[in-house]
Amino acid sequence: MVSETVDKIGTLIRQAAERQRPYVERVCAGCKAPCCERVHYLYTEKDILYLRLSGLKQTWRREGFMKKGCWFLGPSGCSLDLHSRPFICHSYICSELEGAIRESGPTVMDELRETFRVIGMLRGQMWAEYLDETRRRENNSIPS
Ligand code: SF4
Ligand code: SF4
């Protein structure tokens, strides 16, 4: 069922964020050219579908057209809750951040890459299951 797939994605996103947190706090805090200041709008169709199906409250607050960088970048960082962020925001790890993660040992980076691979696979599955369930609902509502 698509709802189960959405739950699995949510769990893995939380795990990946927790795994990265100590490195992000250390490395990104002192970054001279933050990635969030070099992008604008990153949502894909699967991100939008995940948001819709997760039923989580969306905390979209567009901070303004004129400023530099992502629309959702606020004065103290990302203004979106974890599950409202595009997947690329979870899976993008620049070389500096990767270097810090790899310094801590050989496994964390490999585990993260594997988690992102599985999330990517589940997002494809979510899409297929959503289309399938929608089609079945529509077929059931057609009077015979
Ligand atoms: S991920 Fe890399 S580029 Fe982005 S804020 Fe962190 S250190 Fe900077
Ligand atoms: S959504 Fe948040 S994490 Fe992603 S680029 Fe924008 S400010 Fe950064």
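A: Happy to! Let me start at L131, which counts as partly exposed at 37% relative accessibility. This is a predicted model, by the way.

Q: Which helix does L131 lie in?
A: L131 lies in helix α5.

Q: Okay, stepping back. How many helices and strands are there in the protein?
A: The protein has 5 helices and 2 strands. Following the sequence, the pattern reads α-α-β-β-α-α-α.

Q: What does the C-alpha trace span along its principal axes?
A: About 65 × 40 × 20 Å.

Q: What share of the residues is buried?
A: Of the 144 residues, 35% are buried. As for contacts between residues at least 6 apart in sequence, 73% of them join residues at least 24 apart.

Q: Let's talk cores. How many residues are in the largest nonpolar core?
A: The largest nonpolar core has 23 residues, and those with the most contacts inside it are I9, I93, I101, L112, F116, I119 and M126.

Q: Which elements give two or more residues to this core?
A: Those are α1 (2–27), α2 (45–54), α4 and α5.

Q: What is I101 in contact with, beyond its neighbours within four places in sequence?
A: I101 contacts Y23, I93, V108, M109 and L112.

Q: Which residues does the second, separate core include?
A: That second core has 6 residues, including Y43, L51, F72 and L73. Two of these names turn up again in an aromatic cluster, where Y41, Y43, W71 and F72 come together.

Q: Nice, aromatics were next on my list. How many aromatic pairs does the count come to?
A: The count comes to 5 aromatic pairs. One of them is F87 with F116, an edge-to-face pair at 6.2 Å centre to centre and 70 degrees between the planes.

Q: Where in the chain do F87 and F116 sit?
A: F87 is in helix α3 (residues 87–91) and F116 is in helix α5 (residues 108–141), so the pair links distant parts of the chain, 29 residues apart.

Q: Are F87 and F116 buried or exposed?
A: Both F87 and F116 are buried.

Q: Switching to helix packing: how do α4 and α5 meet?
A: The axes of α4 (residues 95–103) and α5 come within 8 Å and cross at roughly 125 degrees. The two helices are therefore oblique to each other.

Q: Which residues make the contact?
A: On the α4 side they are E98, I101 and R102, and on the α5 side V108, M109, D110, L112 and R113. By class, that contact has 4 nonpolar, no polar and 4 charged residues.

Q: While we're in α4, is L97 buried or exposed?
A: L97, which has its place in helix α4, counts as buried at 5% relative accessibility.

Q: What does L97 touch, not counting residues up to four places away in sequence?
A: L97 touches Q20, Y23, V24, V27 and C28. For a sense of distance, L97 and K67 are 25 Å apart in space, C-alpha to C-alpha, and 30 residues apart in sequence.

Q: Back to α2 for a moment. Which residues there are buried?
A: In α2, the buried residues are D47, L49, Y50, L51 and S54. The buried residues of α2 pack against α1, α3 and α5.

Q: Last stop: where is R85 found?
A: R85 is found in the loop between β2 (77–78) and α3. With a relative accessible area of 27%, R85 is partly exposed.

Q: What is R85 in contact with, leaving aside its neighbours within four places in sequence?
A: R85 is in contact with Y43, C78, L80 and H90. R85 and A16 are 69 residues apart along the chain, and their C-alpha atoms are separated by 13 Å.

Definitions and conventions. Residues are numbered from 1 along each chain as its sequence is written. Chains are lettered from A and ligands numbered from 1 in the order in which they are written. This is a predicted model: local features need pLDDT of at least 70, side-chain atom pairs count only at pLDDT 80 or more; totals for chains, interfaces and linings use all residues. Side-chain values use heavy atoms; hydrogens and water are left out. Rings of Phe, Tyr and Trp (its six-membered ring) pair if their centres lie within 6.5 Å; planes under 30 degrees apart count as stacked, over 60 as edge-to-face and the rest as tilted. Helices (H or I, at least four residues) and strands (E, at least two) are DSSP runs, numbered from the N terminus. Buried means under 20% relative accessible area, exposed over 50%, partly exposed in between (1.4 Å probe, protein chains only). Axes are lines fitted to C-alpha atoms, for helices over the stretch in contact, and angles run from 0 to 180 degrees between N-to-C directions. Angles under 35 degrees count as roughly parallel, over 145 as roughly antiparallel, 65 to 115 as roughly perpendicular and the rest as oblique. Contact means heavy atoms within 4.5 Å. Ala, Val, Leu, Ile, Met, Phe, Trp, Tyr, Cys and Pro count as nonpolar, Asp, Glu, Lys and Arg as charged, and the others, Gly among them, as polar. A nonpolar core is a set of buried Ala, Val, Leu, Ile, Met, Phe, Trp, Tyr and Cys residues joined through side-chain atoms within 4.5 Å.
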